[in-house]
Amino acid sequence: LLSASSSHRWLNCPPSAKLSETYGEVVSDFAAEGTEAHSLIEYKLKQALNLPAINPISKLFFYNEEMEDCANGYVAFALELIQKVKEDCNDPLVLIEQKLDYSRFCDGGFGTGDLVIIGNGVIHIIDYKFGRGVEVNAQDNPQMMLYALGALELFANLYDIEKVSMTIYQPRRSNISTFTLTTDELYKWEIGRASCRERVFSSV
């Protein structure tokens with residue numbers, strides 16, 4: 001009901017969450033293409049990190065040279081960021097396609113972090129956007145902040161986390177956008193949005 005990807009809608013118009021339940025989900029070609037692009041970056045990044053991975057290319061209907069080039073660019077960006085984190089942390093935690101559960105803040109809420117890196121007191125969350133239509137900015141992005149809350153739920157008791165860094169990587173728009181908050185600032189944002197979520201469940 002309170003998905004991160006639609007949070008921009010239900011945070012601004014709480015009744016829309018329940019209203020959307022009355023409509024069946026239709027998967028567009030754009031969404032299917034995006035799903036395939038994500039399976040490709042998952043494979044390529046795991047391969048680059050010497051992790052077990054199954055090559056999905058033969059099963060990708062939308063695969064083409066552009067998707068390949070975008071995936072390679074993403075992997076190069078991810079590896080550069082991992083290397084940068086290693087400058088201050090010998091053994092950072094690197095997670096690919098990590099489930100991020102923020103249900104303590106939004107009933108039933110969870111999402112998937114394309115790449116999560118933890119090191120030197122910072123959680124880095126990188127979200128791959130393959131769409132070319134609308135440029136997505138990480139600044140005050142509610143989807144990314146909900147993902148960050150989910151990451152803190154998983155790791156705040158294991159690591160001393162001071163900041164969360166949230167990055168949108170959108171190659172077809174030549175867009176790389178990063179937004180950083182302290183953990184205190186993120187929790188303050190969550191408290192400020194609590195009334196919106198309460199209105200979702202009280203709306204008719």
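Buried here means under 20% relative accessible area, and that cut-off is applied throughout the following legends to a predicted model.

**Figure 1. Overall fold and confidence of the predicted model.** The secondary structure of the protein comprises six helices and five strands, and from the N terminus on the elements follow the order α-α-α-α-β-β-β-α-β-β-α. Of the 204 residues of the protein, 47% count as buried. Among contacts between residues at least 6 apart in sequence, 65% join residues that are at least 24 apart. The pLDDT averages 86 over the protein, and 81% of the residues score at least 70. Over residues 6–10, however, the pLDDT is below 50, although this stretch has 15 contacts in the model beyond near neighbours in sequence. Residues 199–204 likewise have a pLDDT below 50, and for this stretch 14 contacts beyond near neighbours in sequence are found in the model.

**Figure 2. Helix α4 and the elements that cover its buried residues.** Helix α4 takes in residues 65–86, and its 22 residues reach 32 Å from the first C-alpha to the last, close to the 32 Å expected at 1.5 Å a residue. The buried residues of α4 include Met67, Glu68, Cys70, Ala71, Tyr74 and Val75, and Phe77, Ala78, Leu81, Ile82 and Val85 of this helix are buried as well. An α-helix has 3.6 residues a turn, so residues three or four places apart point the same way. Among the elements that cover the buried residues of α4 are helix α3 (29–48) and the strands β1 (93–101), β2 (110–119), β3 (122–128), β4 (163–170) and β5 (175–182). At the start of α4, a side-chain oxygen of asparagine 64 comes to within 3.1 Å of the backbone nitrogen of glutamate 66.

**Figure 3. The second largest pocket and its lining.** The volume of the second largest pocket is about 330 Å³. Its lining is made up of 13 residues, and of these Leu81, Lys84, Val85, His124 and Ser165 are the closest to the centre of the pocket. At least two lining residues are supplied by each of α4, β3 and β4, and α4 gives the most, with five residues.

**Figure 4. Glutamate 36, a buried acidic residue in helix α3.** Glutamate 36 lies in helix α3, and it counts as buried because its relative accessibility is 12%, which falls under the 20% cut-off. Glutamate 36 and isoleucine 57 stand 21 residues apart in sequence, while their C-alpha atoms are 8.9 Å apart in space.

Figure 5. The side chain of asparagine 141 reaches the backbone oxygen of asparagine 137 at 3.0 Å, and at the start of α5 a side-chain oxygen of asparagine 141 lies within 3.0 Å of the backbone nitrogen of glutamine 143. Apart from neighbours within four places in sequence, asparagine 141 is in contact with Val136 and Ile168. Twelve of the 14 residues of α5 are buried, so this helix is largely enclosed by the rest of the structure; among them are Pro142, Gln143, Met144, Met145, Leu146 and Tyr147. The end C-alpha atoms of α5 are 20 Å apart, which agrees with the 20 Å that its 14 residues should span at 1.5 Å a residue.

Figure 6. Asparagine 50, in the loop between α3 and α4, has a positive phi of about 60° although it is not a glycine. With a relative accessibility of 71%, asparagine 50 counts as exposed. Aspartate 140, in the loop between β3 and α5, is likewise a residue other than glycine with a positive phi, in this case near 55°. The relative accessible area of aspartate 140 is 48%, and this residue is therefore partly exposed.

Note on methods
Residues are numbered from 1 along each chain as its sequence is written. This is a predicted model: local features need pLDDT of at least 70, side-chain atom pairs count only at pLDDT 80 or more; totals for chains, interfaces and linings use all residues. Side-chain values use heavy atoms; hydrogens and water are left out. pLDDT is the predictor's confidence in each residue, from 0 to 100. Contact means heavy atoms within 4.5 Å. Helices (H or I, at least four residues) and strands (E, at least two) are DSSP runs, numbered from the N terminus. The expected span of a helix is 1.5 Å times one less than its number of residues. Buried means under 20% relative accessible area, exposed over 50%, partly exposed in between (1.4 Å probe, protein chains only). A polar contact is a pair of N or O atoms within 3.5 Å; within protein, one must be able to donate a hydrogen and the other to accept it, and residues adjacent in sequence count only if both atoms are side-chain atoms. On a 1 Å grid over the protein atoms alone, a cavity is a set of points where a 1.4 Å probe fits but cannot get out, and a pocket is an open set with protein on both sides within 12 Å along at least five of seven lines; lining residues have an atom within 4 Å of a point. Grid points are joined across faces, edges and corners, and a volume is the space filled by probe spheres set on the points.
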